[in-house]
Amino acid sequence: MPSNKSVSDAPIVQFTNCRILRDHQLQREDLWVREGKILNPEKLFFDEKGSADVQLDCKDSIIAPGFIDVQINGGFGVDFSLATDDFKSGIDLVSQKILSHGVTSFCPTLVTSPPSVYHQVLPQISVRNGGAHGAGILGAHLEGPFISKEKKGAHPEHCLRTFEAGAFQDLLATYGSLDGVQIVTLAPEMRRSSEVIQELTKRGICISLGHSVANLSQAEDAVQHGATFITHLFNAMLPFHHRDPGIVGLLTSDKIPAGRRVFYGMISDGIHTNPAALRIAHRAHPKGLVLVTDAIAGMGLAPGRHTLGQQVVEIDGLNTYIAGTKTLSGSVATMDTCVRHFQEATGCSVETALEAASLHPAQLLGIEHKKGTLDYDSDADFLMLNDNLYVQATYIAGEEVWRQDASGM
């Protein structure tokens, strides 16, 4: 343990006049930060006899953990499913721009693509901390190609794959590598999916069920083998039916292993899911709801034609379709917009809305000891918001990385 002197050499910042989201409640107390971590002020006062070097008046803002987006396909003209020469500068651009939406960490998401795309793109996605350069990268989310033809949504049919005799080896050959992969979305009704789920889970990769025609027992079987997430609930899966509720039935299943929680993504943009469906899901299983944007390259751009992997998509207002069809293809919603819409549509508390974009995704990925909360010793990734949940400033590791109206940002 370092001496008190060495501990207290680093500057201590005290954020005052704020309401902090801690223990599921907005609490009127100060936030103390040192060396990128959240400090316990009692230890500081009593063990170190320390005090703040800098005090910042937050002017009665809400301070909440930074948002975590586990499904984002791109934005600002950048498509993560396109193998380009300047892929790295594209991912840097998106990670920088989403700071204004309150996103401090994300999982770049690749839709179903040919193996050549995975082999080119995946080595260029490396896990990294966030900072002034942009939001942190938690690892890739591979949505496909092991999904159902019937529920392919905006995924190109000619790139879909099934598991053959050496199922896990098929998957490795398709992706080329699993380094830096955080989430894989697959259809659990596919033959041999159980062994693939087990193998991926063993490697610490989160398995999500989606783009699927699975019935409830197939979905439950997948959860028993290690699956923990549902990709954009209600979208690209069998609709709820009272005799077989399908994947949606996992929200109230009594076959979930003890001590495990199933999480589910929701695109709360007012288009992908009717507010009534959002309310049903939230009331059935509030602790599992994870807000995702499912944003595509057109997020942040004017309406018109853009890409999503191998497909051309058209943006019309907040609607995004595969060109020439009425098939929805991702969203152009920002994470802060999704949080506000979720709170308005469900009438939930401010705390609940904020945790759906921070604590829940962190719990899903097993990183809640350092991200998604403002507990002592966790990473000082946080937001200042006004009472209407508009982001005023974004901090990563205790440093301001974006502020509303700041020049040049």
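I began with the two domains (their bounds come from an automatic or database domain assignment), and I noted that the C-alpha centres of domain 1 and domain 2 lie 30 Å apart. Domain 1 covers 13-64 + 373-403, while domain 2 covers 66-365.

I kept in mind that this is a predicted model, in which local features need pLDDT of at least 70 and side-chain atom pairs count only at pLDDT 80 or more, whereas totals for chains, interfaces and linings use all residues. Residues are numbered from 1 along each chain as its sequence is written, and side-chain values use heavy atoms, with hydrogens and water left out.

Next I looked up the contact (heavy atoms within 4.5 Å), to which domain 1 gives 20 residues and domain 2 gives 22 residues. For the buried area (the accessible area, with a 1.4 Å probe, that two parts lose on being put together, summed over both), I found about 1,700 Å² between the domains, with 71% of it on carbon and sulfur atoms. On the domain 1 side, H24, L389 and I396 supply 32% of the area buried against domain 2, which is more than any other three residues give.

I then checked for salt bridges (a side-chain nitrogen of Lys or Arg within 4 Å of a carboxyl oxygen of Asp or Glu), and the count between domain 1 and domain 2 is zero.

Last, I sorted by class the side of domain 1 that touches domain 2, and it has 14 nonpolar, five polar and one charged residues; here Ala, Val, Leu, Ile, Met, Phe, Trp, Tyr, Cys and Pro count as nonpolar, Asp, Glu, Lys and Arg as charged, and the others, Gly among them, as polar.
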